[in-house]
Amino acid sequence: MPEATAHSIAPLGITRDRLATFVIWSAALLVTGLFLWLISDILLGGITRLSWAFLTEPPFDAGRSGGIGPIIVSTGLILLVAIAASVPPALGTAILLAEFSRRESLFGRSVRLSLDVLAGVPSIVFGLFGNAFFCIYLGLGFSILSGGLTLACMVLPILIRTAEEGLRSAPDDYRLAAAALGLSRSAALMHLLLPTAMPALIAGLMLGIGRAMAETAALIFTSGYVDRMPDSLWDSGRALSVHIYDLTMNVAGGDANARAAALVLVVLLLLVNGAAMTLADRWRNARIVTA
Amino acid sequence: MNWSKLNTLFPSRADQPLLWLLRLCALTAATVVLLILTFLVIESRPALRDVGIARFFGDRSWHPTEGEYNFMPMLSGTVYCSLGALLLAVPSGIAAALFSRWYAPASVAGLFRRLIELLAGIPSVVYGLWGLTTLAPLIGRLHAPGTSLLAGILILALMILPTIALTADAALAAVPQAYLRGAAALGLSRWGMISGVALPATRSGIATGILLAAARAMGETMAVLMVCGNVVQYPDSLFDPVRTLTANIALEMAYAMGDHRAALFVSGLALMLLMLAMVGAAGLLSRGRRYA
Amino acid sequence: MTKKLIFIVFLLLAAWLSWTLWSTPPASSTTRKLVLTGSSTVAPLAAEIGRRFETLHPDVRVDVQTGGSSRGVNDARAGLADIGMASRALKTSEEDLYSFTIALDGISIIVNRSNPAAALSRQQIIEIYTGAITNWREVGGRDAPITVVNKAEGHSTLELFLHHFGLQNRAVKPQVIIGDNQQGIKTVAGNPNAIGYVSIGSAEYEAGHGTPIKLLPLEGVQASVENVRNGSFPLARPLNLVTQSEPAGIVRDFIEFARSEQVRELVEAQYFVPLAR
């Protein structure tokens, strides 16, 4: 009898496991295939236009010729402003939510609810809001500052929610050990909890940076359309995504340069993501030893 | 197990400045939310006052230049597109995360994760362009016109997949090793460990990812504008063109004045309320089933 | 190894940044800024004209922003912009403003290049767009349902089209609605049974560069930039610069420059029609 029971359970378990392996591998292959199709379709057309001149010269003839030098600079500046303006408040709010309030508390739930609602606001509404608030009400005008600050508002929910989840997933043993050692909360955060939550924080940062670089509608109304090299953060500057949009949707014959610009955007994204991850890993490994 | 987190850290006076700093940060975040809400309300007031809420549901159709303001067809377009995209993206995103964590060989896993991070940053214009020039003609060969609800669902699914995959991946990375070793000690198969131990432990992390992805899907403007066909109607089939609320705002905002413009902001408010309803429903569903 | 790689990348970035910044002339302290906002159709042309204007007037910076024709008109009126750009004629409610036409833009009906239909009469177009004719074989094409492509409400191209054919937008039964010209071109290029209407200049350019579309003649007149120029093509819209008051100073200089012979080639490079002189 025991042999019969053992026989009847094992094959089902193995079959389910094999089936799961098959399904997951096929899903991964499907996803990879789709994405490679998308990337090659759009980007390979742009390789021919890439050159040092393309990366440094300003655009000519409404972007059909020339390069995207000033546009890359504007994009980088906008990204810098967005990250600098959003990461500190996001981290602070996430720590407050994760370490200083219970998950089910009214404060926690209402903050989380309002953040989720904020995440659902359409990008074009963000653009119009940014225009009304930053450009007109605060008087910043069409500028890189306005664009960066608007983007910061947009990525705030993503950063806060992922950071909170990351902090909550740090094991309680760490907190108990810190309490046993008499560490203050700030010390426990800096030396234990934040480094442990680093993968989630980085994942959130990647999503935030990705969203910021991919955003078009919000930037058209805030950082503007001017494709000149910006002299300062108060100048209007065209972001790479806005440039790609203009070339594909507004300018006849701009498709080739649009694809090259998209390729540059992808490479820039790889660089930024790689840099952020390396820095974060270095910071974490200086503080804790991971399993 | 000890699950209460509030009192596990030693309270000390050194933490007071930290606490005030954190409260300031939270205040900034809350201010942003309030500002956006105020902005939407102010801008939609003319329409709410002159047109009245009932007409947004009861008018014959959406023809603002002729005084008709029914946006229900577009609301349904948004809901169908987002739900369809979620149905496709959630299983694939979780599968992708599982793949990069446990099924892929080490070298492939890193590359795969890089690929997903990359896709999170591709502009919506590029997704929309690909959809318009490659996907829509393919669908059109099956059933005209090609730019349709199906195209919108597919493109949106592609766009939100990285969000779900990355948050699921981060959540899976945080599963304590003890759980996994325990599962191995019990002799569970790989899939048994995943379905029985890892996935339940990451429920809240994955739920966050799904909510963020849903928010992204509902707020997406450019890509759906290019591939959905933008005809204001209730779709009868997957191949019918639809218009989402966001595409509507983008299409008409450039030329809208007065009540028309305010009506577009009302649709923005409607989206926020929809998001609120969805988050509320998700919260209700998961109540009483939490571990922590 | 990774450290070396990071260092090399950093060096490359620094080299690129310094090169780009070095090759840009610095702005002087007495720069006067001229702000234009409005139609995204006019924006590329205005930006090119502005660029050339800056070379002639080194102390002026011309900033062009988009946001739509209505926004351009409103901004000009409210003083938020020096000049508004509009891809349409002023409405009756806007008659208190001053408008100056800098170019013309024709509107042509386009179909996919593989479509055998060669010409459509006025009545046929009306019936196609109102849904009375639904299959291409009724107008000389293949046996396939017609995919009607219309523009979104409010766009001046739509209003001109409806006005010319005496239609109400409510009567039009489209299968696809588009926003920009390029979206229309790409939609028709990807669908062998589509029909739509876009700016003549862009359509001519795309058709001449391999995009699978063709322009249909309107009421016997070939759709071409040339025919818009000589006035024989019936469907055209003006591209206007709008100001709140009589232009003076740098604003007047810019508007005069934009209407002069010096920018004729710029207008043509954007596939619009310069004003006949």
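## Interface of chain B and chain C

In this predicted model, five residue pairs are in polar contact across the interface of chain B and chain C, with both residues of each pair at pLDDT 80 or more. On the chain B side, three helices each supply at least two of the residues that touch chain C: α5 (124-142), α10 (222-227) and α11 (245-253). Of the elements of chain B, α5(B) gives the most to this side, namely four residues. Sorted by class, the residues of chain B that touch chain C are 15 nonpolar, seven polar and five charged.

How many salt bridges are counted between chain B and chain C? The count is zero. The contact involves 27 residues of chain B and 28 residues of chain C. The size of an interface is often given as the accessible area lost when the parts come together. For chain B and chain C, the buried area is about 2,200 Å², with 53% of it on carbon and sulfur atoms.

## Interface of chain A and chain B

Between chain A and chain B, 91 residues from chain A and 85 residues from chain B take part in the contact. These two chains bury about 8,300 Å² between them, and carbon and sulfur atoms give 78% of that area. Which three residues supply more than any other three of the area that chain A buries against chain B? They are A:Ile24, A:Phe35 and A:Arg185, which supply 8% of that area.

On the side of chain A that touches chain B, helix α1 (residues 2-43) of chain A gives the most, with 18 residues. The classes on this side are 57 nonpolar, 18 polar and 16 charged residues.

## A residue of chain A: A:Leu189

A:Leu189 belongs to helix α8 of chain A, which covers residues 185-196. Is A:Leu189 buried or exposed? Its relative accessible area is 4%, so A:Leu189 is buried, the limit for that class being under 20%.

Leaving out residues up to four places away in sequence, A:Leu189 touches A:Ile95, A:Glu99, A:Leu194, A:Pro195 and, in chain B, B:Leu18. Another residue of chain A, A:Ala27, is 162 residues away from A:Leu189 along the chain. The C-alpha atoms of A:Leu189 and A:Ala27 are separated by 38 Å.

## Chain C as a whole

Chain C has 277 residues, and 55% of them are buried. Its secondary structure consists of 10 helices and nine strands. Taken along the principal axes, the C-alpha atoms of chain C fill a box of roughly 65 × 65 × 30 Å.

The accessible surface of chain C is about 11,700 Å², and 57% of this belongs to carbon and sulfur atoms. Considering contacts in chain C between residues at least 6 apart in sequence, 73% join residues at least 24 apart.

## A residue of chain C: C:His164

C:His164 is part of helix α5 of chain C, which spans residues 156-165. Its relative accessibility is 17%, and therefore C:His164 counts as buried.

Which residues are in contact with C:His164, apart from its neighbours within four places in sequence? They are C:Arg122, C:Leu218, C:Glu219, C:Pro234 and C:Leu235.

How values were computed
Residues numbered from 1 in each chain as written. Chains lettered and ligands numbered in written order. Predicted model: local features only at pLDDT ≥ 70, side-chain atom pairs only at ≥ 80, totals over all residues. Heavy atoms only, no water. Contact = heavy atoms within 4.5 Å. Buried area = accessible area lost by both parts, 1.4 Å probe. Salt bridge = Lys/Arg side-chain N within 4 Å of Asp/Glu carboxyl O. Polar contact = N/O pair within 3.5 Å; in protein donor to acceptor, adjacent residues only side chain to side chain. Nonpolar A, V, L, I, M, F, W, Y, C, P; charged D, E, K, R; others polar. Buried < 20%, exposed > 50% of the residue type's maximum accessible area, 1.4 Å probe, protein only. Areas by Shrake-Rupley, 256 points an atom, 1.4 Å probe, with all protein chains shown as cover.
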